Each structure stands twice: as structure tokens, then as C-alpha cells.
Amino acid sequence: MSDEEALRLVVDRQAIRDLVHAYATAVDRRDWPRVRACFTPDAACDFSWFRGDVDTVLGHIERGLAQFETTMHLLGTHLADVVADTATAETYAVCHHRLRREGGLADRVVGMRYLDALVRTPAGWRIRRRDVAVDWQRLDPVSPAP
Amino acid sequence: MNARAAYDATLVRDVACRYARGVDRKDLDLVASCFTPECAYEGALGRGTIADALATLRAALPRYERTMHFMGTQDVAVDGDAARSETYCVAYHVRPDGRHFTVGVRYLDALARTADGWRICRRTVRTEWTREDPASLPG
């Protein structure tokens, strides 16, 4: 492999990682135009709770997250395979959702994986297919302040 | 850092994540492909060779409905055909009754460049903390 090929792969891997992280911060800030910009115009998603074209799915997410006081999408384990102008990526996420319910505050925490198919566009890498695999979820009361 | 060094660092970071994917998908062949055959291992799965550790892992996996090895902080240094990496992991283990066993560990790895790519040739696992949580609230 030439230095040029090595550099290209590093740059592509970093750009894909940046894109997946940009999605997480944009969702947590509820910056929907920025969330939408992570996807191709014709992207499709299956979030297990809801599925369809990206606009339908983002509508579900926006309405669903409105019930929470705050959310934090924490990303970890990440792998990506780049083949020319397409890529697949798997990213682990532990998503914290704080909600107010009868009896006080609670945290819904979901351990899941984003399974993405990506494409290189003139504007950079974009997600064209996103599936979510849910590994576990919990609902825990928030412990009282000390 | 030149392009080649950055490329190697990316591949070294990938090895820890491939290990996570292999364990969590119960794909022991993928797990084994992260190590050299003679890799030395010391940690939660015992002390000896990687083959011993993988036998222990194989026996332990059915205890859990699901595992998630959530890799975070990674500190990687590449020196020619050798590398070292330290990877933080919060490993979630879901028991069949819904209880969660959660472990905070550090993987301290020495890696070697082989004909099949980067492989871990010595792994030490340091468990920093564990906790057991009851099944969560319904809903």
C-alpha cells in the first residue's frame, strides 16, 4: 500500500467516525437540520421501534425525544470498512434519556448499535441506510441528591 | 505523524473493537483472529495462553443473555512492527433474569504486525470495578 492509499483510508475512517459522532451531538442538541444533513436525501432507516424513509424516522425521533428532559448519546466501539466510495460501519451507543414521571426522575438507558451503510458524496460521507440493533434497555430511578 | 503511522494506529485501535464485536456476537473465530496463536493472557479469564482464555470465555458466554463490550478511551503507540495499546471498556452483561453485571476494565495489549495484519501477542486485563444491578423498573 502506498502512503497515499494509507492516508486516504485514514482520512475516510476519520470522516466516517466524525459523521457518526456529529449525528449523536446533533440529536442531543435537537438540531434537526444538522441531523438530517448526516443522511442522503433517499436514506432509509430501521430503528426497530419505527422504520421507513429518513424523514419519517426523524419525525418519530423528534416527537419521541420531546418527552425527555435531556438525552446523551454516548458512542464507543466503532468499526468501519471502506470499499472505494461506499462503507459500512458499526458503532456502539449507550443512550441516556432523563424523564420526569410520577414519583420523580428516572433514566431510560438503552444499549444499542448503529449499523450504517454509507456513501461518499460530493459533500462528504453520508448515511444512506441506518439500522439500530437494541442490545438492552433499563429504566432506573434517579437516586436522590446527597 | 506520517500517513503510514496514522494508518497503523487506526488498525491497532480496530483490533480492540473487533474483539468486542467477536465476543458480543459470540463469534469465537473472530475473537481468536485478534490474537497470535501463542499470545500470553492474564486477566479475568485466567492466566496462560490465549487458547486457555478462549476456552474459559466459550464456557462463560452462555451465562449471559447478551453482552456489550463498550470500548472508550484508547491510548495507542506504534513502533515499527510492534505496538502497544490500552483500551478502557465498560462491559455490560445481561443475565437471563434481567439483572445487569457491569465491569470496568482496561485491556493492556502488546501487538505485533503479522502477515495477517496486527495481532495481540500479549494481553493483560485489569478489572477496575464491578457492579451488580437489579432488573430495571418495568416500562
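V76(B) stands opposite S85(B), a residue of β4(B). Strands here are DSSP runs (E) of at least two residues, helices are DSSP runs (H or I) of at least four, and both are numbered from the N terminus. The model is predicted: local features need pLDDT of at least 70 and side-chain atom pairs pLDDT 80 or more, whereas totals for chains, interfaces and linings use all residues. Residues are numbered from 1 along each chain as its sequence is written, and chains are lettered from A in the order in which they are written.

β3(B) and strand β4 (residues 82–94) of chain B run antiparallel and are joined by 12 bridges. Two strands count as paired if DSSP finds at least two bridges between them. Chain B holds an open sheet of 6 strands in the order β2-β1-β6-β5-β4-β3, with mixed pairing. β2 (46–49) and β3 (66–79) of chain B are at the edges; each has a single partner strand, so one side of each lacks a neighbour in the sheet. Neighbouring strands are turned by 20° against each other on average, direction ignored.

Two helices of chain B lie across this group of strands. α1(B) lies across β3, β4, β5 (100–114) and β6 (117–133) of chain B and runs at about 160° to β3(B). Helix α3 (residues 50–60) of chain B lies across β1 (35–43) and β2, at about 130° to β2(B). Axes are lines fitted to C-alpha atoms, for helices over the stretch in contact; angles run from 0 to 180 degrees between N-to-C directions.

T130(B) is in strand β6 of chain B. Beyond four places in sequence, T130(B) touches T102(B) and V103(B). Contact requires C-beta atoms, placed from the backbone, within 7 Å.

Between the chains, 21 residues of chain A are in contact with 22 residues of chain B. The chain A side divides into 11 nonpolar, 4 polar and 6 charged residues. Nonpolar covers Ala, Val, Leu, Ile, Met, Phe, Trp, Tyr, Cys and Pro; charged covers Asp, Glu, Lys and Arg; the others, Gly among them, are polar.

The axes of α1(A) and helix α1 (residues 3–24) of chain B come within 8 Å and cross at roughly 50°.
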